[in-house]
Amino acid sequence: MKINQNVRHFAAKQALTTPGVASVVSYGLVKLHTRVFLGKADPAHAEEREDHLDGLFEATTDSYTAALKAGFTEAEAREITHIQANFDFYNHGWTEMMEIPADEIEAHYDRYHEFFSQYDITIADPLGSFAPRGGIPEAPSTPERLDEPEHPHAKGGFADDVYVEGPDGEILVGGHDEPDDVDLTDAPGVGSEDVDD
């Protein structure tokens, strides 16, 4: 998968593993991702998907931190969560929101099979053991879109590794090295009042 990576991603990573700040950045990340993907959704269906996406992204925040603890890089851990989201979009027929083409779903699953199987994550069950008790809010599916899927936001050909696009457009396999100095206030939703001096 091709993803972006900048200082905000490293700030979010550090904030998610910092007591007292984790819940603030988690909320910020959930709302940010929901807003981004609602912008990719068919406008006729966007509003009805909002609660579902909030629940989905809240759960994938937990899988992100679990992947970091398992030794995955920031880019790999974040890619894992994006793959989970794409499984969910695929299952709902929300092909216009997908970041990878439907025919690359299995290849992305296979790359992280060991992590996914450890947490009972499958293409059909994108959250596995990260699903909250009682599940996440439901939203109507559009399964007919799977017959001839259109993926205006998908980038194919990146199923063999994590590819990171830098601000200058350069593509780097595996991601950037983490900077030495990370300012937690660069993380979504985190203000100076949230960070102890």
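This is a predicted model: local features need pLDDT of at least 70, side-chain atom pairs count only at pLDDT 80 or more; totals for chains, interfaces and linings use all residues.
Trainee: Let's start with helix packing. How do I describe two packed helices, and what are the angle and distance for H3 and H4?

Mentor: Two packed helices are described by the angle between their axes and the distance between the axes. Here, helix H3 (residues 46–69) and helix H4 (residues 74–92) pack at about 145°, and their axes are 9 Å apart. The crossing of H3 past H4 is right-handed.

Trainee: Which residues in H3 and H4 meet?

Mentor: On the H3 side, they include His52, Leu53, Leu56, Phe57 and Tyr64, while the H4 side includes Ala77, Ile80, Gln84, Phe89 and His92. Sorted by class, this contact of H3 with H4 has ten nonpolar, six polar and three charged residues.

Trainee: Next, the core. Which residues have the most contacts inside the largest nonpolar core?

Mentor: In soluble globular proteins, nonpolar side chains tend to be buried together. In this model the largest nonpolar core has 50 residues, and those with the most contacts inside it are Val25, Leu53, Leu56, Phe57, Phe89, Phe115 and Phe116. Two or more residues each come from H1, H2, H3, H4, helix H5 (105–111) and helix H6 (113–118). H3 gives the most, with nine residues.

Trainee: Pick Phe115 from that list. What is Phe115 in contact with, beyond its neighbours in sequence?

Mentor: Leaving aside residues within four places in sequence, Phe115 is in contact with Ser63, Ala66, Ala67, Phe72, Ile80, Ile121 and Phe130.

Trainee: What about H1: which of its residues are buried, and what do they pack against?

Mentor: The buried ones in helix H1 (residues 7–16) are His9, Phe10, Ala11, Ala12, Ala15 and Leu16. They pack against strand E1 (2–4), helix H2 (22–40), H3 and H4. At the start of H1, look for a side-chain oxygen of Asn6 that comes within 2.9 Å of the backbone nitrogen of Arg8.

Trainee: How many residues along the chain separate Val164 and Glu76?

Mentor: They are 88 residues apart along the chain, and their C-alpha atoms are separated by 9.9 Å. Val164 sits in strand E2 (residues 163–165) and is buried, with a relative accessible area of 0%. Among its contacts beyond four places in sequence are Ile3, Asn4, Ala75, Leu172 and His176.

Trainee: Last one, a backbone angle. What is phi of Asp120?

Mentor: Most residues other than glycine have a negative phi. Asp120 is a residue other than glycine with a positive phi, near 60°. You'll find Asp120 in the loop between H6 and E2, where it is exposed, with a relative accessible area of 52%.

Note on methods
Residues are numbered from 1 along each chain as its sequence is written. Side-chain values use heavy atoms; hydrogens and water are left out. Axes are lines fitted to C-alpha atoms, for helices over the stretch in contact, and angles run from 0 to 180 degrees between N-to-C directions. Helices (H or I, at least four residues) and strands (E, at least two) are DSSP runs, numbered from the N terminus. A crossing is left-handed if the near helix is turned anticlockwise from the far one by less than a right angle, and right-handed if clockwise. Contact means heavy atoms within 4.5 Å. Ala, Val, Leu, Ile, Met, Phe, Trp, Tyr, Cys and Pro count as nonpolar, Asp, Glu, Lys and Arg as charged, and the others, Gly among them, as polar. Buried means under 20% relative accessible area, exposed over 50%, partly exposed in between (1.4 Å probe, protein chains only). A polar contact is a pair of N or O atoms within 3.5 Å; within protein, one must be able to donate a hydrogen and the other to accept it, and residues adjacent in sequence count only if both atoms are side-chain atoms. A nonpolar core is a set of buried Ala, Val, Leu, Ile, Met, Phe, Trp, Tyr and Cys residues joined through side-chain atoms within 4.5 Å.
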